[in-house]
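Work through the following exercises with the sequence and the structure side by side, and try each task before reading its solution.

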There are 4 protein chains.
Amino acid sequence: MTNIDEISAFLAREFPQSPCSVDAIGPQSATVRYRVDERALRPGGTVSGPTLMTTADVGLYAAILGEIGIVALAVTTSLNINFLRKPSADKDIIGECKLIKVGRQLVIGEVSLYSEGDDRMVAHAVGTYAIPKS
Amino acid sequence: MTNIDEISAFLAREFPQSPCSVDAIGPQSATVRYRVDERALRPGGTVSGPTLMTTADVGLYAAILGEIGIVALAVTTSLNINFLRKPSADKDIIGECKLIKVGRQLVIGEVSLYSEGDDRMVAHAVGTYAIPKS
Amino acid sequence: MTNIDEISAFLAREFPQSPCSVDAIGPQSATVRYRVDERALRPGGTVSGPTLMTTADVGLYAAILGEIGIVALAVTTSLNINFLRKPSADKDIIGECKLIKVGRQLVIGEVSLYSEGDDRMVAHAVGTYAIPKS
Amino acid sequence: MTNIDEISAFLAREFPQSPCSVDAIGPQSATVRYRVDERALRPGGTVSGPTLMTTADVGLYAAILGEIGIVALAVTTSLNINFLRKPSADKDIIGECKLIKVGRQLVIGEVSLYSEGDDRMVAHAVGTYAIPKS
């Protein structure tokens, strides 16, 4: 398994403008955080859909890097997200990511998204990633 | 909460040809079983995709009935399923269903599907259901 | 391109119990028909969800066979379906399938589903298929 | 039908930082444009996933406003996107959006996304929207 510092450094290079950081890496899993600021909000005081989608995508990416290493470059092939509740405008978004299939060609994972400190899920996503042949 | 016998009786009426039965009903959750026989198989000795989709749909339906009662009639509005591994041809399919949003108009749930006795998920589904206004 | 008779023969072998047949094969496309009978219906007089999902899956499969030939064996990796309207109980289901990506490892297609003779879509599906390395 | 200027003004208020604009509004349809700049790119010279998801979401929103008017406020309940090809880094993203169901409670639409001037689809999305009871 790749360690969290290597993964954070890689993500910082790949997504230089991303306000996402990695809180934890585990076996086939990762926890990520989107630091919510003005740009992540929508009028009405809630976090935007693209913010939640970004958190899910970066989180699954981090879990994949933890599992298969930095070398291989995964490409997102699909993302399916259900928006369940209005997230808080003043809390970070936390994404808990779990890989449910790690194949040689395809990795699939699911993400539960929360406003920090609140255990009611605000969104749920499933993403699939193609692993280029090395 | 509606009890398991009421739910089983309702499903038997609604889906008279279905080989699915309810193993357990819990808070916002249900476990269902598809009794795999010849008709559920595909050449090559595996369980067909429609069998897995049926199990997911019936299981979420059962969890909804357990949560909101038999009166309201839920209608499936979407089902998204990822096929992860080849299920065993000689094991029942077990669906573990959990509702992740119970709104007045919309209910959303996810399902982890297994070949009985094997803890590697064979498929994962997310379904959404519209609840007609009463 | 593989011709419609070869594809129909292959599907009859692969899905021996399926009431689906191929009406047409075109460039990256196929039209399929599910002959609706008692077993495809639900109480209330409508076509069941699994019937629609089966039509979408078989139709995309037929379009893939038309495109890449019978040799390679495609495996469904995901299916996402939205149910839009109640289909007629006494009409066949027609699936119009179009491939939107034909990669070496992954094929993706979309399907518009209709009750025959009615131009209002009853369901819409997107499916992804893995092509095993030959 | 609401006209394009009203819709553009509304979207500018709702999504003040969005680089999306409306190119055309038709019956149950809309064409939108994401003006790709530095912030929309990823290392390697391609348009980011969240950029494509934003275009799909804003485009379906515009089509809904065109159909049901500015008054009702639609809420995205799900978005399912498949990434098909690498978009060009130096072309705007164009989203062609079509509503496939306009119900009283639920609207569903699909979006084909392109790099301007290239007719190979780069991504395809399906979104669902809840319409609050008025």
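**Exercise 1. Describe the extent of the interface between chain A and chain D.**

Begin with the contacts, for which heavy atoms must lie within 4.5 Å: 22 residues of chain A are in contact with 22 residues of chain D. Next take the buried area, which is the accessible area (1.4 Å probe) that two parts lose on being put together, summed over both; for chain A and chain D this comes to about 1800 Å², with 49% of it on carbon and sulfur atoms. Finally, ask which residues supply it: R42(A), M53(A) and F83(A) provide 25% of the area that chain A buries against chain D, more than any other three residues.

The model is predicted, so that local features need pLDDT of at least 70 and side-chain atom pairs count only at pLDDT 80 or more, while totals for chains, interfaces and linings use all residues. Residues are numbered from 1 along each chain as its sequence is written, chains are lettered from A and ligands numbered from 1 in the order in which they are written, and side-chain values use heavy atoms, with hydrogens and water left out.

**Exercise 2. Find how the strands pair across the interface.**

Start from the strands, which are DSSP runs (E, at least two residues) numbered from the N terminus, and recall that two strands pair if DSSP finds at least two bridges between them. Strand β5(A) pairs with β5(D), residues 75–83 of chain D, in the antiparallel sense over 5 bridges. Within this pairing, L79(A) has I81(D) as its bridge partner.

Key: Helix = DSSP H or I, 4+ residues; strand = E, 2+ residues; numbered from the N terminus.
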